[in-house]
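Hi,

Here is the structure I promised to pass on. Have a look at it first, and then read my notes below.

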Amino acid sequence: MPKARTHADRSKSRVLLFLGAPGSGKGTQSAWLSSQLGIPSLSTGDMLRGEAKRNTPAGLRLREVLASGSLVSDSIVCDAVAARLQRERESGMILDGFPRTLKQAESLTRILASAEMPQPVVFHLHVSRERLVARLTARRHCAECGAIFNLLSRPSARGMFCENDGGKLLQRDDDSREVILRRLTDFETSCAPLVDYYRRTDYHRIDGDRDAELVSAELLRIASPARTRAAA
Ligand code: AMP
């Protein structure tokens with residue numbers, strides 16, 4: 001008789017991916033889900049920001065693209081994700097911020113098929129535009145450790161300094177109001193074909209306007225149906 005599945009089983013070797021506008025909570029939720037399910041998460045934004053710190057011509061070009069809020073080329077991002085997925089074939093992976101274009105989604109389908117991994121579970125975090133703008137303009141990060149704070153919903157206990165290490169809190173270059181509005185419009189344009197692409201697959205539209213804890217609970221329920229059924 002097969003063993004009862006644990007909540008990690010459904011996500012094992014599976015890719016869980018988040019579609020969501022900047023500020024929709026993808027980063028927070030994917031990090032949380034990663035800790036709950038014990039599978040690694042990859043934020044393509046964090047990965048690219050890391051690459052952009054290099055003092056090389058490629059690093060400098062990347063810095064300019066990121067500061068403008070435009071997307072990095074599909075081939076650069078797809079190659080990096082493919083390489084990482086190869087290393088995480090056994091555990092599966094949570095993708096935060098990938099795919100962002102139809103080409104990337106098609107590339108992911110091919111990468112998973114050739115790695116003989118199942119096609120992804122897709123979480124579409126939907127948040128209203130007003131809430132996104134409010135969240136993003138209030139977002140700050142520590143210059144030293146990178147911890148994320150929010151002046152409205154998650155202020156640092158030490159004001160404009162990080163409560164962990166006293167580092168100065170900074171605003172991301174692409175979190176200025178003008179760039180935010182453009183990033184949101186770009187997201188709306190690029191997300192529609194992705195929703196069409198995934199709609200008839202393991203796709204879940206999640207109401208991200210709710211408290212983060214409620215969103216987390218729903219994500220975990222979907223990622224671990226065997227556990228929910230066992231508890232019922
Ligand atoms: P994020 O941290 O997800 O908001 O991403 C920050 C920036 O990284 C984006 O505005 C893009 O410039 C770049 N980026 C992140 N993920 C991708 C992706 N999948 N494709 C292209 N560019 C990306």
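Two housekeeping points. This is a predicted model, where local features need pLDDT of at least 70 and side-chain atom pairs count only at pLDDT 80 or more, while totals for chains, interfaces and linings use all residues. Residues are numbered from 1 along each chain as its sequence is written, and side-chain values use heavy atoms, with hydrogens and water left out.

**The ligand**

Helices here are DSSP runs of H or I with at least four residues, strands are runs of E with at least two, and both are numbered from the N terminus.

Now for polar contacts (pairs of N or O atoms within 3.5 Å; within protein, one must be able to donate a hydrogen and the other to accept it, and residues adjacent in sequence count only if both atoms are side-chain atoms). A backbone N or O atom of Ser 70 sits 2.5 Å from a ligand oxygen, and one of Gly 97 sits 2.8 Å from a ligand nitrogen. Arg 172 uses a polar side-chain atom, 3.4 Å from an oxygen of the ligand.

**Aromatic pairs**

The whole structure has 2 aromatic pairs (ring centres of Phe, Tyr or Trp, its six-membered ring, within 6.5 Å; planes under 30 degrees apart are stacked, over 60 edge-to-face, the rest tilted). Phe 18 and Phe 123 have ring centres 5.4 Å apart and planes at 40 degrees, so this pair is tilted. Because Phe 18 belongs to strand β1 (residues 15-20) and Phe 123 to strand β4 (residues 121-126), the pair ties together parts 105 residues apart in sequence. Both Phe 18 and Phe 123 are buried (under 20% relative accessible area; exposed is over 50%, partly exposed in between, with a 1.4 Å probe and protein chains only).

Tyr 197 and Tyr 198 have centres 5.1 Å apart and planes at 80 degrees, so they are edge-to-face. Tyr 197 is partly exposed at 30%, whereas Tyr 198 is buried at 3%.

Cheers
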